[in-house]
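Work through the exercises below with the structure in view. Each task is followed by a solution in steps.

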Amino acid sequence: MAKTIMIIDDSVSLRQVVGIALAGAGYEVIEACDGQDALSKLTGQKVHLMVCDVNMPNMDGITFLKTVRTLPAYKFTPIIMLTTEAGEEKKKEGQAAGARAWVVKPFKPDQLLMAVSKLILP
């Protein structure tokens with residue numbers, strides 16, 4: 001059975017690029033356009049890993065991280081931040097909120113797939 005990965009990003013084209021890369025590697029993909037949308041789609045559904053942007057409308061990635069970590073079913077789900085934010089302050093904020101990896105856009109699909117393979121649970 002394929003592992004499920006949720007992509008949370010307000011850019012449709014970015015979600016498509018990431019989705020194609022992940023689906024090509026054999027993962028099932030769920031898409032959400034921001035943190036609020038992601039929370040509404042996480043109704044007990046098994047998600048093995050999340051790829052999340054930082055800057056999004058309605059609910060940004062850091063707020064989403066802090067919120068999802070309060071949900072017992074997703075407390076330990078690995079989350080990769082995929083963002084244009086490269087500053088150390090923001091990275092530290094993300095790590096403190098529970099991010100397990102930080103990939104800066106633009107990125108190469110192989111770079112993301114390597115981070116996914118290191119973090120996704122068997």
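The model used here is a predicted one.

**Exercise 1.** Describe how helix 3 and helix 4 pack.

*Solution.* 
1. Two packed helices are described by the angle between their axes and the distance between the axes.
2. For helix 3 (residues 61-68) and helix 4 (residues 88-97), the angle is about 15° and the axes lie 9 Å apart.
3. Angles under 35 degrees count as roughly parallel, so helix 3 is roughly parallel to helix 4.

**Exercise 2.** Which residues of helix 3 and helix 4 meet, and how do they divide by class?

*Solution.* 
1. Helix 3 contributes Ile62, Leu65 and Lys66.
2. Their counterparts in helix 4 are Glu93, Gly94 and Ala97.
3. Sorted by class, this contact holds three nonpolar residues, one polar residue and two charged residues.

**Exercise 3.** Give the strand order of the sheet and find its edges.

*Solution.* 
1. The sheet is open and has five strands, in the order 2-1-3-4-5, with parallel pairing.
2. Strand 2 (28-32) and strand 5 (101-104) are the edge strands, since each pairs on one side only.
3. On average, neighbouring strands of this sheet are turned by 20° against each other, with direction ignored.

**Exercise 4.** How many bridges join strand 4 to strand 5?

*Solution.* 
1. Strand 4 covers residues 79-83 and runs parallel to strand 5.
2. Four bridges join strand 4 to strand 5.
3. Ile80 has Ala101, in strand 5, as its bridge partner.

Key: Residues numbered from 1 in each chain as written. Predicted model: local features only at pLDDT ≥ 70, side-chain atom pairs only at ≥ 80, totals over all residues. Heavy atoms only, no water. Axes fitted to C-alpha atoms, helices over the stretch in contact; angles between N-to-C directions. Helix = DSSP H or I, 4+ residues; strand = E, 2+ residues; numbered from the N terminus. Parallel < 35°, antiparallel > 145°, perpendicular 65-115°, else oblique. Contact = heavy atoms within 4.5 Å. Nonpolar A, V, L, I, M, F, W, Y, C, P; charged D, E, K, R; others polar. Pairing = 2+ DSSP bridges.
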